[in-house]
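Q: Here is the structure for discussion. Could we go through its cross-links, sheets and charged pairs in turn?

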Amino acid sequence: MRGREVGEGLNIGYVANMRPLLPFVLAAGCSDYDLAKHVAPQPVDHVCDADDESVSERVVVNDGCVREPTVGTFTPVVEWQWSVNAGVPGYDQIMTTPAVGDISGDGVPEVVFASFTGGAYTSAGTITAVSGDGAGELWSVAAGTYSSAGVALGDLDGDGVAEVCTAGTQYAVVCLDNLGNLKWAAGSELSYVGAPAIADLDGDGLAEVIFGRQVFNHDGSVRWVGAGGVGYSMSFAADMDADPELEVVTGNTVYDTDGAVLWTTGAFDGIPAVGDFDADGLAEVVTTGNGWVMLTDDTGVVLWVVAVPGGGGGGPATVADFDGDGAPEIGVAGAYAYSVLEGDGTTRWSMPVQDASSSVTGSAVFDFEGDGAAEVVYADEITLWVFDGSTGAVELVVDGHASGTLFEYPLIADVDADGSTEIILASNNYAYSGWTGITVIGDADSSWEPSRPVWNQFAYSISNVNDDLSIPARPEKNWLTWNSFRAGGSLEGPASWLPDLVVGALSGCADTCSNGEAGLFVPVSNRGLVAAEDVLVELIATRGVILQTGTVARVESGETVMAGPFTLTKQEWGAGVKARVDGSGVIEECDEDNGMAEAVGWPCD
């Protein structure tokens, strides 16, 4: 996405303006006229249409188009808490990773989670959905599901309504509808801490549910069961080879779309994550478990294995650019330390934490300050921490949390759809004194960067789900744009990336000269790293009067959209006309001073 040149893909944008427009499809005989260079009109047999490459400009994307960082305050405030289960009283202890997404369709995300009562975290529990704005509980049901299992949200059958899937006590996976009613239960390989993942493996518009080495169709029928690793029943899908279909990734085995073993390492199985650590455009697999961290290349060759810093089994890995150097690192928690490892397995930094209970907790990361470096959000047995990603310095400590700990980590999302980021924390107090249930923490000054309203599963990456919980048929390879795993951010790219809108050489059409009017097209290019939406285009007379306006819906990074045609009389044209984009400054850009071009010389003379 960065550093590329785009010389094709010119789009013609039909924009609304203050005068009647010419037809969208340009008529033959509309000559291309480079007004900015004041050359004479070309012969009328030159056709100006959507495929005319003579009006296309090469757009070089500027890698430096990023926002200058601002220091966030990290002034935490508890926005709301859920600690009493109204639907199934007593089941208010949470020792797993929740999920966030709008399952009700009301525009406000829900927090969905498994819970238990007392200390019975290996027994059957409940699945509960609460409103992300703190308005209360939607539903809570006992549906034969494990009380410490992960939850996955997604629209399995493409009907526009999301399902809720988790690990069952009698069947491997139990899926509910968005109201908590049973849809199906299937599978025989159980795990009380397992976490399903949802993906469209074959790109047919219908999603599959992945649980370990088992894959189920959208209706619960068994698609296949593999013959290798299970990834602690926390596996997921990613495009690990050259074909457009997705593969299933476990800790030591990658399965092809049909369930055949693509490769296996022969090493230990564990919890997988993926990222591109050698900048070759292909994903490596990070595996944690049994006290080790392992990196495997895209063909199954083990690159390195190191012991988990701080001891213990090691929780799920988080992949992100922790230090802003443009390369990913690996975050992993042990019993007595949270550590960030470089791509070669060496330790960048470690900070003391307390998780002797299980030593399998995880973290989420997010660039709160928009400086290109991620902060770490991690909760141990008694404390919620935010560490500086580059150094490990403590940026935030929140007391009140408690957990006996299992495979759990806090989430980062815009959980109430207010445009501000929140931290979603699950707690239990059966082993330590403190909170129980769900706590949502925001910044008192709303200085944190915006985030998505969704974090739909334990094995979350930015491109695996859309904001409306639909599942992409052909998801973008996360490591090509974000190169992160279990990290927050936006669909457009890192929070620090910006657009850069410029106006190219203006193009005129002289075929309406007999009517006393000339047509004008405005090429709007984006040299920035992310798309710009609702781009205002203005035509301005030399005396400063705005003649006409229009809006281009979207200009992608590295693309040019031809806005128009605008029609102008000779009187309106006057001594010349200027075209300006985003003149009101609504869109934040890395260069606010290059959005105007001027044309002189009436085309019809």
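Q: Is Cys-165 buried or exposed?
A: Cys-165 counts as buried, at 0% relative accessibility. Here buried means under 20% relative accessible area, exposed means over 50%, and partly exposed lies in between, with a 1.4 Å probe and protein chains only. This is a predicted model, in which local features need pLDDT of at least 70 and side-chain atom pairs count only at pLDDT 80 or more, while totals for chains, interfaces and linings use all residues. Residues are numbered from 1 along each chain as its sequence is written, and side-chain values use heavy atoms, with hydrogens and water left out.

Q: Which residue does Cys-165 form a disulfide with?
A: The partner is Cys-175, and the two sulfur atoms are 2.0 Å apart. A disulfide is taken as a pair of cysteine sulfur atoms within 2.5 Å. Cys-165 sits in strand E10 (residues 163-167) and Cys-175 in strand E11 (residues 173-176), 10 residues apart. Strands are DSSP runs of E with at least two residues, and helices are runs of H or I with at least four, numbered from the N terminus. Cys-175 is also buried, at 0% relative accessibility.

Q: Why is that disulfide right-handed?
A: The torsion about the S-S bond of Cys-165 and Cys-175 is about 110 degrees, so the disulfide is right-handed.

Q: How many disulfides are there in the whole structure?
A: The search finds three. One of them joins Cys-65 and Cys-590, with sulfur atoms 2.1 Å apart. Its S-S torsion is about -100 degrees, so this disulfide is left-handed. Cys-65 lies in the loop between strand E3 (59-60) and E4, and Cys-590 in the loop between strand E42 (577-581) and strand E43 (596-599), so the pair ties together parts that are 525 residues apart in sequence.

Q: What is the accessibility of those two cysteines?
A: Cys-65 is buried, with a relative accessible area of 0%. Cys-590 is partly exposed, at 30% relative accessibility.

Q: Which residue does Cys-513 join?
A: Cys-513 is joined to Cys-604 by a disulfide, with an S to S distance of 1.9 Å. The torsion about this S-S bond is about -80 degrees, so the disulfide is left-handed. Cys-513 is in the loop between strand E37 (507-509) and strand E38 (517-526), whereas Cys-604 is in the segment after E43, 91 residues apart. Cys-513 counts as partly exposed at 22% relative accessibility, and Cys-604 as partly exposed at 25%.

Q: Changing topic to the sheets: in what order do E4, E33, E34 and E35 come?
A: These four strands form an open sheet in the order E4-E35-E34-E33, with antiparallel pairing. Strands E4 (76-82) and E33 (411-413) are the edge strands, each pairing on one side only. The twist averages 25 degrees from one strand to the next. Axes are lines fitted to C-alpha atoms, for helices over the stretch in contact, and angles run from 0 to 180 degrees between N-to-C directions.

Q: How many bridges hold E4 and E35?
A: E4 and strand E35 (residues 437-443) pair in the antiparallel sense over six bridges. Two strands are said to pair if DSSP finds at least two bridges between them. As an example, the bridge partner of Val-78 in E35 is Ile-441.

Q: Now the charged pairs. How many salt bridges are counted?
A: The count comes to 12 salt bridges. The rule requires a side-chain nitrogen of Lys or Arg within 4 Å of a carboxyl oxygen of Asp or Glu.

Q: Which residues form salt bridges with Arg-223?
A: Among them are Asp-202, with the closest N and O atoms 2.8 Å apart, and Glu-208, with the closest N and O atoms 3.5 Å apart. Glu-208 lies in strand E14 and Arg-223 in strand E16, so this pair ties together parts that are 15 residues apart in sequence. Glu-208 is buried, with a relative accessible area of 2%, whereas Arg-223 is partly exposed at 27%.
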